[in-house]
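Subject: The structure, and what I found in it

Hi,

Here is the structure we talked about. Please open it and keep it beside this email as you read.

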Amino acid sequence: MKVFALTGAGVSAESGLGTFRSVDGLWSRFDPMRLATPEGFAADPAAVHEFYNLRRRNMAAAAPNAAHFALTELETRLEARGGELFLCTQNIDDLHERAGSRRVWHMHGEIARALCLHCGTRRDWREDLAVGLACPRCGRAGGLRPDVVWFGEVPYGMEEIEAALETADLFVAIGTSGSVYPAAGFVARAGDLGIPTMEVNLEPSDVAGLFGESLYGPATETVPALVARLLG
Ligand code: BJW
């Protein structure tokens with residue numbers, strides 16, 4: 001069995017990392033147009049660095065939860081049976097990896113990586129970023145930014161994602177509001193392909209009506225229950 005799992009901020013919520021669109025979410029306190037667009041970075045890179053430096057430190061202090069661990073178990077046990085988990089996350093945190101997941105597709109990039117706008121190099125970067133820092137590869141200052149995908153930018157690996165969707169036996173969306181495209185469109189694509197779909201969330205998402213099945217509750221309870229059922 002090949003499972004395509006799309007995760008969003010809700011899977012990391014119980015690890016203490018905030019979601020974006022809840023009442024007290026990140027976008028209620030911070031302006032996404034200023035902090036999560038290439039134009040915002042060009043206008044005020046220091047403010048963008050401050051926002052992501054804080055979130056990088058929060059991520060380092062957080063720990064994976066039962067939902068992350070359950071997805072690791074799903075990957076391991078599916079592979080043992082000749083199956084596969086394609087774990088596609090919109091999250092820029094590394095909690096799936098720290099829970100032991102071996103193959104994680106970060107379609108919106110990773111906060112623990114930096115991208116140099118001068119030479120295009122992408123590298124691991126776990127320290128704070130700052131405007132005056134020079135790229136270790138090309139030596140030029142002012143071009144380093146978090147290697148994350150902002151509004152108006154093309155998410156990473158869309159071809160591989162489409163290929164994985166086309167061969168999946170089940171599409172599951174976990175802890176995502178279904179409000180950001182192209183990820184929010186995956187359920188419709190899965191439906192067009194005739195693949196069964198399931199939503200796992202605290203509450204119905206913006207695209208809830210497109211799923212064949214749903215499971216509502218905190219991810220630390222619903223994801224282990226789903227994994228037990230799939231492996232059952
Ligand atoms: C729990 C829980 C618990 C809570 N247990 N659940 C139509 C088609 C294509 C594009 C567009 C389109 N219409 C508009 C666009 C443009 C735009 C877009 O979608 N805008 C919308 C606002 C309308 N999209 C883009 O610009 C994207 N690029 C693009 O489209 O390029 C063109 C292209 C695409 C493909 C091929 C060719 C060309 C880029 C989008 C980049 C998004 N970037 C961000 C920031 C990343 C860095 C960072 O983290 O700072 O990504 S925005 C933010 O939203 C972040 C997230 O990954 C993303 C999704 O959020 P998510 O994960 O769903 O979080 P929330 O907070 O929204 O929801 C949390 C959910 O969890 C809720 O449902 C809760 O109920 C639940 N929950 N606690 C279980 N305990």
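This is a predicted model: local features need pLDDT of at least 70, side-chain atom pairs count only at pLDDT 80 or more; totals for chains, interfaces and linings use all residues.

Start at strand β8, residues 197–201. Is this strand mostly covered or mostly open? It is mostly covered: five of its five residues are buried.

Now look at the two faces. In a regular strand, side chains alternate between the two faces of the sheet. On one side of β8 you find Thr197, Glu199 and Asn201.

Which strands pair with β8? One is β7, residues 170–174. Four bridges join β7 to β8, and the two run parallel. To find the spot, look for Ala173, which stands opposite Glu199 in β8.

The other is β9, residues 213–216. Four bridges join β8 to β9, and this pair also runs parallel. Here Met198 stands opposite Glu213 in β9.

Next, trace the chain from β7 to β8. Helix α9, residues 186–192, belongs to this stretch. Together, β7, α9 and β8 make a right-handed β-α-β unit.

**An antiparallel sheet**

Three other strands deserve a look. They form an open sheet in the order β5-β4-β6, and the pairing is antiparallel. The edge strands are β5 (122–124) and β6 (144–148), and each pairs on one side only. Neighbouring strands of this sheet are turned by 45 degrees against each other on average, direction ignored.

Zoom in on one pairing. Three bridges join β4, residues 109–116, to β5. Ala114 stands opposite Arg123 in β5.

**The ligand**

Now find the ligand. How many residues surround it? The count is 35, and the closest are Phe20, Tyr52, Arg55, Glu153 and Ser177.

- Arg21: a polar side-chain atom lies 2.7 Å from an oxygen atom of the ligand.
- Gln90: a polar backbone atom is 3.0 Å from an oxygen atom of the ligand.
- Val149: a backbone N or O atom lies 2.9 Å from a nitrogen atom of the ligand.

How much of the ligand does the protein cover? On its own, the ligand has 1,500 Å² of accessible area, and the protein covers 76% of that. Two elements give two or more residues to the shell around the ligand: α1 (10–13) and α5 (45–61).

**Two residues to check**

Go back to Gln90. Where does it sit? Gln90 is in the loop between β2 (84–89) and α7 (95–98). Its relative accessible area is 12%, so Gln90 is buried, as the cut-off is under 20%. The side chain of Gln90 also makes a polar contact with the side chain of Thr176, at 2.9 Å.

Last, step along to His96 in helix α7. Is His96 buried or exposed? His96 counts as buried because its relative accessibility is 1%.

Best wishes

How values were computed:
Residues are numbered from 1 along each chain as its sequence is written. Side-chain values use heavy atoms; hydrogens and water are left out. Buried means under 20% relative accessible area, exposed over 50%, partly exposed in between (1.4 Å probe, protein chains only). Two strands pair if DSSP finds at least two bridges between them. A crossover is right-handed if, with the strands pointing away from the viewer, the path from the first strand over the helix to the second runs clockwise. Axes are lines fitted to C-alpha atoms, for helices over the stretch in contact, and angles run from 0 to 180 degrees between N-to-C directions. A residue is near a molecule or strand if one of its heavy atoms lies within 4 Å of it. A polar contact is a pair of N or O atoms within 3.5 Å; within protein, one must be able to donate a hydrogen and the other to accept it, and residues adjacent in sequence count only if both atoms are side-chain atoms. Accessible areas come from the Shrake-Rupley method with a 1.4 Å probe; for residues, only the protein chains shown count as cover.
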